[in-house]
Amino acid sequence: MRKVTVIGGGLGGLVAAIASAEAGAQVELFESHRTLGGRARSTEAPYIANDGPHVFYSDGPHWSWLVSRGLVTPAAKVPLLDGLRLRFRHQGRLRATPPASLLRPLGSRRLRAPVDQTFTSWAAARFGEESARAMAHMMGVVAFDADPGRLSAAFVWQRFLRVTRPAYPAARYVVGGWQGAVDRLAARARELGVQITTDARVDTLPASNPVIVATSLDAARRLLDDDSLRWESGRTAMLDVGVRRQRGDTFLVFDLDEAGFLERYSGPDPSVAPAGESLIQAQMPLGPGESKAAGIERLGRMLDLALPGWRERTTWQRSAVAAGRTGALDLPGTTWRDRPAIDRGDGVYLVGDQVAAPGLLSEVTIASARHAAHLAAGAPVLNLLAAA
Ligand SMILES: Cc1cc2nc3c(=O)[nH]c(=O)nc-3n(C[C@H](O)[C@H](O)[C@H](O)COP(=O)(O)OP(=O)(O)OC[C@H]3O[C@@H](n4cnc5c(N)ncnc54)[C@H](O)[C@@H]3O)c2cc1C
């Protein structure tokens, strides 16, 4: 039986531990924090807020892996009535229908975008500047970047097609927040015999291999003493508020003006806020050198539009900045294949959302975790990376 050590107890570490144990390895996991979950942790009741606005996408390749193990169920779908209160912030107003500039490119879903051009230059030449700006800013929802138009055209276009897929919205809300998924992942790992130690920061790589490093890329860079472990990511101000509920409050805003995003999480899952109240999580990407206070002020203006009187109705609130924590962004000329490789040699494997694996946000973490687990446990390698 192979012994596998996993460093990090976020989503990636937990998935890697489960997949390694399922492949027959004996697994030990170390997490530096007092509790498991990393960026997938949520606050405690009565306001159960994720670490920023978070959803799983049920059209992703890893959803079925999670569902088949009961790790993300029950999960709520976009409630149709609330879903109809979806709004687009455009030219300073909230509108219920997307502007024509956003609708126009949807007829070109078969187009492939180039890797080596910025999204803005490619999309403006095809659809016009106004459409390019609207699409790029809409992708703030998954890019957490003030100017997604500067990224690779292929990267942004793929995400635009995915988010605007003409089907029932793929977003899924794990009941009880992402913490619900973390708790189930941890329970499943323990059931499989994984030894989990929290409050256990690892500062040097264990001598015995294989080792799966499932920390953030910044922490992996220090742990592996490898300065090449870097990749682009977003920077965004986040504001979470509990408010007394009011009829007609907006469910979701795509901010086509400033690339922000807002969602009322208690719509699909009322358990995340006290009775009679709503929980809203919102984010506003920060410009170069922009302060958190300036970002929160801009975010406040979006909330003014979406939830009239929210300041007077607020019962709970917190704010933060997520810098370099919102997943990989591919610049022109790069794809996920150019990110830091999973297999570092000598039985060391890297897992996370900024490594060389396909997918959206945490899907990258999950793909890399399953791939690393199979390599570490000496099991047949899955086709997860070749597929995309
Ligand atoms: C604002 C925001 C919004 C997001 N929205 C979405 C979304 O809607 N959908 C989506 O799929 N994803 C989303 N994500 C991304 C998602 O949260 C991450 O991809 C995922 O949680 C990353 O998991 P991980 O295990 O790779 O890393 P982490 O969660 O960072 O876990 C790493 C763990 O390693 C531990 N650790 C670090 N160093 C050491 C050490 N030396 N020894 C031991 N342990 C160590 C840390 O304490 C941590 O628990 C979002 C992220 C943010 C910040």
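A salt bridge is counted here when a side-chain nitrogen of Lys or Arg lies within 4 Å of a carboxyl oxygen of Asp or Glu. The structure is a predicted model, in which local features need pLDDT of at least 70, side-chain atom pairs count only at pLDDT 80 or more, and totals for chains, interfaces and linings use all residues. Residues are numbered from 1 along each chain as its sequence is written, and side-chain values use heavy atoms, with hydrogens and water left out.

By the salt-bridge rule the count comes to 24. One of them joins the side chains of E232 and R150, with 2.9 Å from N to O. This pair links distant parts of the chain, 82 residues apart: E232 is in the loop between α10 (217-223) and β10 (235-244), and R150 is in the loop between α7 (140-143) and α8. Helices (H or I, at least four residues) and strands (E, at least two) are DSSP runs, numbered from the N terminus.

Helix α8 (residues 153-163) also packs against helix α5 (residues 119-127), at an angle of about 65° and with the axes 8 Å apart. The axes are lines fitted to C-alpha atoms over the stretch in contact, and angles run from 0 to 180 degrees between N-to-C directions. F119, W122 and F127 of α5 meet A153, V156 and W157 of α8, where contact means heavy atoms within 4.5 Å. By class, this contact has 6 nonpolar, no polar and no charged residues. Ala, Val, Leu, Ile, Met, Phe, Trp, Tyr, Cys and Pro count as nonpolar, Asp, Glu, Lys and Arg as charged, and the others, Gly among them, as polar.

The domain assignment, which is automatic or from a database, gives domain 1 (3-48 + 176-230 + 332-377) and domain 2 (233-328). Their centres, taken over C-alpha atoms, are 29 Å apart. In the interface, 11 residues of domain 1 are in contact with 17 residues of domain 2. The area buried between the two domains is about 1100 Å², and carbon and sulfur atoms give 56% of it; buried area is the accessible area (1.4 Å probe) lost on putting two parts together, summed over both. R39, Y47 and I48 supply 51% of the area that domain 1 buries against domain 2, more than any other three residues. By class, the side of domain 1 that touches domain 2 has 4 nonpolar, 4 polar and 3 charged residues.

Some backbone details remain. A cis peptide bond joins A45 and P46, with omega about 10°, and P46 is in the loop between β2 (26-30) and β3 (56-57). The peptide bond from N209 to P210 is cis too, with omega near -5°; P210 is in the loop between β8 (195-197) and β9 (211-213). F144 is not a glycine, yet has a positive phi of about 55°, and is found in the loop between α7 and α8.
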